[in-house]
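Look at the structure below. The report that follows goes through it part by part.

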Amino acid sequence: MFLEGQPAPNFSLQGSDGKPHTLKDYAGRILVLFFYPRDNTPGCTAEAVGFAKLQPLFEQLGAVLVGVSKDSLKSHAKFSADFNLPFTLLSDPDASVMKAYGAYGEKQQYGKTTIGSIRSTVVISPDGMVIKHWPKIPKASEHPDKVLDFFKMLAKGR
């Protein structure tokens, strides 16, 4: 599934901040939704910490960062506290939103086909369109920098 140029799928999920979050809540702002498999795992931690370090730069460029996984709010709270994550994590326990964004499904893992969470990211424009989609991220630790590079390129085009 490739979402660039498509309207972003609507969502309504509970956040680690104790509030419900919907796509409409981010209207008028650029939203970076990053989907990851699991809290407190090496790759997911590297990615989240990378986004956390770059968060002030994303803010300067007008972007809001939000992470999404199947983990519970309790797990998200611990993950956020352990790594001082400055952004909201959304809980998608039935993976319905992840499926809508192509972030859950068939994948290759250790040479076997499995069903599960697929690390991916979308950038949603202020008017709700997907302007960038990374459907599969090979190196979690390098990904936040690649997303920031995309934003720097956008900023130059303004």
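His143 sits in helix 4, residues 143-157. Helices here are DSSP runs of H or I with at least four residues, strands are E runs of at least two, and both are numbered from the N terminus. His143 is buried, because its relative accessible area is 1%. (Buried means under 20% relative accessible area, exposed over 50%, and partly exposed in between, with a 1.4 Å probe and protein chains only.)

What does His143 touch, leaving aside its neighbours within four places in sequence? It is in contact with Glu47, Phe51, Thr121, Trp134 and Ile137. Contact means heavy atoms within 4.5 Å.

## About the model

This is a predicted model: local features need pLDDT of at least 70, side-chain atom pairs count only at pLDDT 80 or more, and totals for chains, interfaces and linings use all residues. Residues are numbered from 1 along each chain as its sequence is written, and side-chain values use heavy atoms, with hydrogens and water left out.

Seven strands form an open sheet: 7 strands in the order 2-1-5-4-3-8-9, with mixed pairing. Two strands pair if DSSP finds at least two bridges between them. Strand 2 (20-22) and strand 9 (130-134) are the edges; each has a single partner strand, so one side of each is left without a neighbour in the sheet. Neighbouring strands are turned by 30° against each other on average, direction ignored. (Axes are lines fitted to C-alpha atoms, for helices over the stretch in contact, and angles run from 0 to 180 degrees between N-to-C directions.)

Strand 3 (residues 30-35) pairs with strand 4 (residues 63-69) in the parallel sense, over 6 bridges. Ile30 has Ala63 in strand 4 as its bridge partner.

## Helices on the sheet

Helix 1 (residues 42-60) lies across strand 3, strand 4 and strand 8 (120-124). It runs at about 160° to strand 4. Helix 2 (residues 73-83) also packs on the sheet. Helix 2 touches strand 1 (12-15), strand 4 and strand 5 (88-91), and its direction makes about 160° with that of strand 5.

## Ala100

Ala100 belongs to helix 3, residues 96-100. Is Ala100 buried or partly exposed? It is partly exposed, because its relative accessible area is 32%. Ala100 and Asn10 are 90 residues apart in sequence, and 8.6 Å apart in space, C-alpha to C-alpha.
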